[in-house]
Amino acid sequence: MIEARSIGKFFSVVNEKGLAEGLTAVLNVSLTIPDGKIVSILGPSGCGKSTFLEILAGLQAPTDGTIHIDGKLVLEPLPATRKEQIAYRRRYRFISPLANGVFRDRPKHDIAMIFQDYAVFPWMTALQNVVFALNLRSSGRAKKREIEEKALFYLHKVDLAASAHKYPSQLSGGMRQRLALARALSVEPKIILMDEPFAAVDALTREKLQDELLRLWDETGGAGSPITVILVTHDTQEAVYLSDEVIVFSPGPGTIRNRIPVRVRRPRARTDAELVEIQERILAMFQYDINQEADYSI
Ligand SMILES: Nc1ncnc2c1ncn2[C@@H]1O[C@H](COP(=O)(O)OP(=O)(O)OP(=O)(O)O)[C@@H](O)[C@H]1O
Ligand SMILES: [Mg+2]
């Protein structure tokens, strides 16, 4: 289970006049996501979706609040300099007296993340990309051949076995996304965080990739160890079609505007009346926000 408690993120930035300015990217986000669910975060550009996802993954520290996964605190990577490390210790000691223990015994979380833009390394072949991810996670005892076999197994799952020795630049956009998916799945994570994974492909490929994601989620997570998927998107139809719940962020600072459960059973038809009705409700909400803003400017 993933628990976000009152997450906030404030950036200090220097403007063109050299003055310090602040920007609140995420404000007071609390939510609980049970295991094995697919949850989408939907919202306009710049509303803090990527920032929130990176905080969930432990790649950025929140300025407020905490994330727990299965009851264990998520901590961002240790800072490099001594001065920053002291501030870091101070911060977590402040959050909880247990934090000193946590600091010695940093919890590991089974998370894989697919980033918004650069999902794969362009200088590695498809196979090398997956092997690289597996090597990062393996204990060092795994044999090279076993790792390669596993990488090929996951490339096969996303229909890329024949392109194992191609470089990302030799793959189509949809294939690159599938490669990113294979890499994330190969480490057999409990949680996959995806930031706009299908944004760069055409509409038809996108629908195919969505169905593949559902199939892989079902196959790999089906046997007793469900995979939780959290997906950032600004495509309402995609969010509703894929998810058990859609979390709508308001325009910046990102706060939860609505949480909409989607209880339609899978496999779903894209034209399912209930799905379409939910999509229309969400679109009406966005329209309402736009109209409200128009009122302010009068
Ligand atoms: N490192 C940073 N320093 C300063 N401001 C930042 C930083 N990262 C993000 N921001 C700001 O925080 C806000 C939220 O950014 P974020 O990338 O989370 O948005 P997003 O919802 O993912 O947008 P998009 O849909 O366009 O990807 C933006 O206003 C952005 O300019
Ligand atoms: Mg983003």
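A residue counts as buried when its relative accessible area is under 20%, and as exposed when that value is over 50%. Keep this cut-off in mind for what follows. The model is predicted.

**The whole chain**

Start with the protein chain as a whole. Its secondary structure consists of nine helices and 10 strands. The chain has 298 residues, and 46% of them count as buried. Its accessible surface is about 16200 Å², with 53% of that belonging to carbon and sulfur atoms. Take the contacts between residues at least 6 apart in sequence: 68% of these join residues at least 24 apart.

**Helix H6**

Select residues 173–186, which form helix H6. How many of the 14 residues of H6 are buried? The count is 12, so the helix is largely enclosed by the rest of the structure. The buried residues are Gly174, Met175, Gln177, Arg178, Leu179, Ala180, Leu181, Ala182, Arg183, Ala184, Leu185 and Ser186.

Now check the length of H6. At 1.5 Å a residue, its 14 residues should span 20 Å, and the end C-alpha atoms are 20 Å apart, which agrees. While looking along the helix, recall that an α-helix has 3.6 residues a turn, so residues three or four places apart point the same way. After H6 comes Glu188, which has a positive phi, near 45°.

Strands of a sheet pair through backbone hydrogen bonds, either parallel or antiparallel. For a parallel case, select S7 (residues 191–195) and S8 (residues 228–233), which pair over five bridges. Leu193 stands opposite Ile230 in S8.

**Strand S3**

Next, select residues 38–42, which make up strand S3. Is this strand mostly covered or mostly uncovered? It is mostly covered, as five of its five residues are buried. Show the side chains: Ile38, Ser40 and Leu42 point one way, while Val39 and Ile41 point the other way.

S3 has neighbours to show as well. It runs parallel to S8, joined by five bridges, and parallel to S9 (residues 245–249), joined by four. Val39 has a bridge partner in each of these strands: Ile230 in S8 and Glu245 in S9.

**The four-stranded sheet**

Finally, move to the other sheet. Four strands form this open sheet in the order S2-S1-S4-S5, and the pairing is antiparallel. Which strands are at the edges? They are S2 (20–33) and S5 (72–73), each pairing on one side only. Select S4 (residues 64–69) together with S5 to see an antiparallel pair joined by two bridges. Here His68 stands opposite Leu73 in S5.

Terms used: Residues are numbered from 1 along each chain as its sequence is written. Chains are lettered from A and ligands numbered from 1 in the order in which they are written. This is a predicted model: local features need pLDDT of at least 70, side-chain atom pairs count only at pLDDT 80 or more; totals for chains, interfaces and linings use all residues. Side-chain values use heavy atoms; hydrogens and water are left out. Two strands pair if DSSP finds at least two bridges between them. The expected span of a helix is 1.5 Å times one less than its number of residues. Buried means under 20% relative accessible area, exposed over 50%, partly exposed in between (1.4 Å probe, protein chains only). Contact means heavy atoms within 4.5 Å. Accessible areas come from the Shrake-Rupley method with a 1.4 Å probe; for residues, only the protein chains shown count as cover.
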